[in-house]
Amino acid sequence: MGRRWIRWSHKRGMRSLVVPFIFLASVFLKLCFGIGSYSGENTPPMYGDYEAQRHWMEITVHLPIHQWYSYDLQYWGLDYPPLTAYVSWICGFVANLINPTWVALDSSRGIETDSSKFFMRVSVVVFDALIYIPAVLVFSRTWFGARSKRTQDLAFLLLILFPALFLVDFGHFQYNSIMLEGFTIMALNFFATEHDLLGAVSFVLSLGFKQMALYYAPAIGSYLVAKCILSGPTDGGRLFIRLGFATVATFILLFLPWIPPFSASPTLIIDPISRIFPFARGLFEDKVANFWCASNVIIKWKKWAAQEMLVKAAAILTFLGFLPSVIVMGKVAWDLKVWNKSPEEKLVETKDDPKPEESSSHTPILPLLPYALLNSSMSFFLFSFQVHEKTILLPLMPLMLLFSGATPGSEVYQWGALGSNVAVFSMWPLLQKDGLSLPYFALIFLWNRVVGYDPIGIIYTAFPFKSFVHLMSAGVYAAVIFLHFSEQIISPPARYPDLFPVLNVLISTPVFVCLWLWSIKCCVQVSWALTGPSGFEEADGQPQHRKRPSIAVNDASQMRSSFVAKSDRTRAVSLGPAQGKRVRRSSTRSAAGTASSTALPSSPSVFRGTIDSSVMEGRAAASPK
Amino acid sequence: MQLEADTSSASRTTWLDPSAWDILILSTVIKVLLFPAYRSTDFEVHRNWLAITHSLPISQWYYDTTSEWTLDYPPFFAYFEKILSIPASFVDPKIVDLNNLNYDSWSVILYQRTTVIVTELVLGAVLLKFIRGAVDPPTQRIISASLFLHPGFLIIDHIHFQYNGFMFGILLWSILMARNGSKLASGILFAVLLNFKHIYMYLAPAYFVYLLRSFCLSPSGQIEIKNFLALANAVIAVFISSLAPFALMGQIQQLLSRLFPFTRGLNHAYWAPNAWALVTAVDRVLLKYAKSTGTDLHINLAGVASTSRGLVGDTVFAVLPNVKPLHTFTITLALQSIILIKLWFHPTYKSFLTALTLCGYSSYLFGWHVHEKAVLLILIPLSLLAAERHAYFRTFVIATVAGIFSLFPLLFTPAESNIGVLYSILWFALLYLPLSKRVYEFPKSLSYVILDVLEKTYLGGFVFLQIFVAAFPVVASWNSRRDEIHNSGNSMEFLPLMVTSVYCAVGMVWGFMRLIFIYLHEDTTYQGQLSTIQ
């Protein structure tokens, strides 16, 4: 449906209006969601997440800054990093201007008037429009720079219609689109355009908004370190120091009000830190579709092991979980490094492929980044301590980024659709509790229609199955539909009141585990495409062999027709969009005559070949002979 | 490439093409999301009717006064409610409990909102039929889609709560039958529609003249006795099936007194943007002027009292002479007779469609106690003419923008009103862009250019009007907070409503003038594609 309408509007000469339309339509949908219920509506005395956010506006606007993290902690004390507090302060300030009763200190607790609800809903929509939507727009323009305008528009539409985010932000009520999506995607955009420092800063902002962004830290950190390795000891070292400096400076800026010259006492810094990292809670809350909760059905972890023990186990497993992507990232960087070659080799290279090293130095590893993000955040979700079901949004984000550019039917597409649907499903108990059943079904229905994905059709065509992911999707969807129906008909037996949530966890967890394994597989495949598996280099110089690794990546695609396979190949290095972007940038820059010194190639004609071959040549040239 | 294959295979296997499915799914999702939205008293009205028709014998239906929302629609609608009440009693027996007033649990919301969506499928089916056999199918497709997604239906049916989608489905079905040449079916369907909701009497004169001239008389003026008898008998049969039970019980008098309560005032609570809104506004301005200058005008004291009560209740003019129901009827009939004479001499499909719109239009502009929701009677048939020529299109744009804007005051809660505004903007943009390219004509003379600029300025004014309406309460609350003693904002409470009403009324009246001008000059100047249909 999404494709059809974008094509229609392009044909009808409304090309330039597609983005504003999508934006307005999404705002409309968000407001429609806003009509519905939210977390903790009509449930005094504590209410829910909605009241927590509103309460933070109330305290930040009325209290001096050093009391923010210490005021009446029993009633939704502030436990997010400072950027959240600042954002709350802005909202609170505006609310105070319009109608002071919405955020009156203490007396406004649990206020649920129509107008205050509308204000809160609009505040999410506004921040979403200010941070998330520009980030997504830039993402669709930079990362898919080599693809058609339609694909870019479609990617924009798909990223805006991120179902899990929709339900959590505009239904349940939170500001995830700022942290998770906005700043992190912005960081990715900066990386893609080689502004690594800005990227690092915006990632720190994301961390400063919600500590959960730590899930991405291994991937982003290893990416930046890999980039430093690529650049060589002098350039890389300088970059490393700059990055370190930028990161620390941003952190200090964020925490400035709690640091001595600005705060009354040096111990105040402990307030926010201890609030942000609560180590005293349990292994998991409620029912979360992660490893601990799912295995808890068989092994009662809490009885079997002590708290500290479990914390350590969780930390080790998480570390092992994201290790593969870190290793792959490092290995690729090491293989591609160009700085320790002899001058003669460099000369040969420049003959083969006259790309100046600076421009090719870091972009080769960019395609790895989304998979690495998926890997690290999914391992955190599955194995780490004190995970919440809403946290599935974090692993989902890189998956949706991959999904937004995938061809229908390709492997990435199938995994993405499955992951998104199951993620939404895994939040079902939460959403049901919030009174969001109708929006839940409506959105799942709409989203699958928009992306042109048909779960029922997948069940029908389960046998003979075409791929593992196809079979798995069919099984999972059948189970999901069965669960939804039986929940309506049967009431759970008294002995197992949590029967359905537990079943939900048992259905969702395997999917997430598979996604995690798949992300490792993809990391390795992309790294092969970039460096070539060992022992592959003997045949260097022969085109048919050069193509091999990229097909390996895309055996992925399950496409039989050669045309599609080819188009898919570009996609597979796929998120190797950076290559395309470089083509465009180089040509525009040189055309403008601003090719500032060595940073970019001066002869765009080299890049006019197919993207594929340029990738491959670059790879072949860079790999050690 | 693969996509093309996808769509073609889909259209082969299903009876709805993919884009129709898309629209259906998208609109249903939006409507479902709006389930918890604000509901007007009409929701309780219809719930009460479910209870009346379910728990009382038919002889009591038009006598029951348990709730203040008595049954005041014609019998077919009562039968319709009776049918709906049967599943309702299975869903939740409390829905059809007569004494369970103002019942608003989730079950009844879910049930009643769902019935609106389901019955609206009649509209969707008819609009699909319109595409098949249209003069210009791609354009008709856009118009059909726009009608199905009309913001009027979203606001009135799916938020405010009524069954207009269903009944306009029947009206359009009847129009479709007229287009396809089965005029007998068209007449029968319209008779059925009249027995669902009597507001469609606004359109009846056009039907009467059209069917009489083109169906019961031959082109040369000879009476076609067979056709005449067929139509007369069919229409009488429809009315008998509707009214017979009540006639046998001798309740016709009571039924009519319920259907036509003549005790209401000239304007509804919020002035519908018609000619009387302009007259009332002029009266208010004159009163202010008379008060401030002390001019010796004859001032009706009841009228002064009427202004101070704001806009609610009966309207009595302070300066201008009062308007009686008789006056409104005379003006309406005079205007309609001009249109009908034209229709008599040109009984083509397009002429009928325009005359139909104009009949509804003149009743809306000059009728007694017109409700703003009646604007759909103009907008829906007018949409079918939208792609005719640039002149029609421009009329359609002005009337649609003014008409839909005049519906916004129905939604006064912050979330719903913004949703309504945003939806209307999106809908309008998606309709305007493709259609305006389709009908573009180069302006012929300077006067056209001036007119064009003036109309565009008027349309642009709606943006500022919306900003004013949205900002007014906030600014007023600031002022009242600043000086709580003076409390001057109180008498201005209704100002946004009044401004909205007057501004929209200007557009509605102008649209009417345009359309009637076009209609009277149609066969010479404004022939469009629909003229090919006889």
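How far apart do the end C-alpha atoms of residues 161-179 of chain B lie, and how much of the span is helix and how much strand? The end C-alpha atoms of that span lie 31 Å apart, and the span is 84% helix and 0% strand. The structure is a predicted model, in which local features need pLDDT of at least 70 and side-chain atom pairs count only at pLDDT 80 or more, while totals for chains, interfaces and linings use all residues. Residues are numbered from 1 along each chain as its sequence is written, and chains are lettered from A and ligands numbered from 1 in the order in which they are written.

**Spans listed for chain B**

- An unreviewed UniProt entry lists residues 161-179, 199-216, 228-248, 326-345, 391-412, 419-437, 457-476 and 497-520 of chain B under "transmembrane region"; the positions are given in the numbering used here, the feature names are shortened, and annotations may be inferred rather than shown by experiment.
- Residues 457-476 of chain B are 100% helix and 0% strand, with the end C-alpha atoms 27 Å apart; here helices (H or I, at least four residues) and strands (E, at least two) are DSSP runs, numbered from the N terminus.

**Contact between the chains**

- The contact takes 29 residues from chain B and 29 residues from chain A, where two residues are in contact if their C-beta atoms, placed from the backbone, lie within 7 Å.
- On the side of chain B that touches chain A, the elements that give two or more residues are α1 (2-13), α2 (18-33) and α20 (414-439) of chain B, and α20(B) gives the most, with 11 residues.
- The residues of this side of chain B divide into 22 nonpolar, five polar and two charged; Ala, Val, Leu, Ile, Met, Phe, Trp, Tyr, Cys and Pro count as nonpolar, Asp, Glu, Lys and Arg as charged, and the others, Gly among them, as polar.

**Helix pairs in chain A**

- Helix α20 (residues 411-426) of chain A packs against helix α24 (residues 468-489) of chain A at an angle of about 20°, with their axes 10 Å apart; axes are lines fitted to C-alpha atoms, for helices over the stretch in contact, and angles run from 0 to 180 degrees between N-to-C directions.
- That angle makes α20(A) roughly parallel to α24(A), since angles under 35 degrees count as roughly parallel, over 145 as roughly antiparallel, 65 to 115 as roughly perpendicular and the rest as oblique.
- Among the residues of α20(A) that meet α24(A) are Trp415(A) and Phe425(A), and the residues of this contact divide into seven nonpolar, three polar and one charged.
- The axes of helix α4 (residues 82-98) of chain A and helix α9 (residues 196-209) of chain A come within 5 Å and cross at roughly 75°, and α4(A) and α9(A) are therefore roughly perpendicular to each other.
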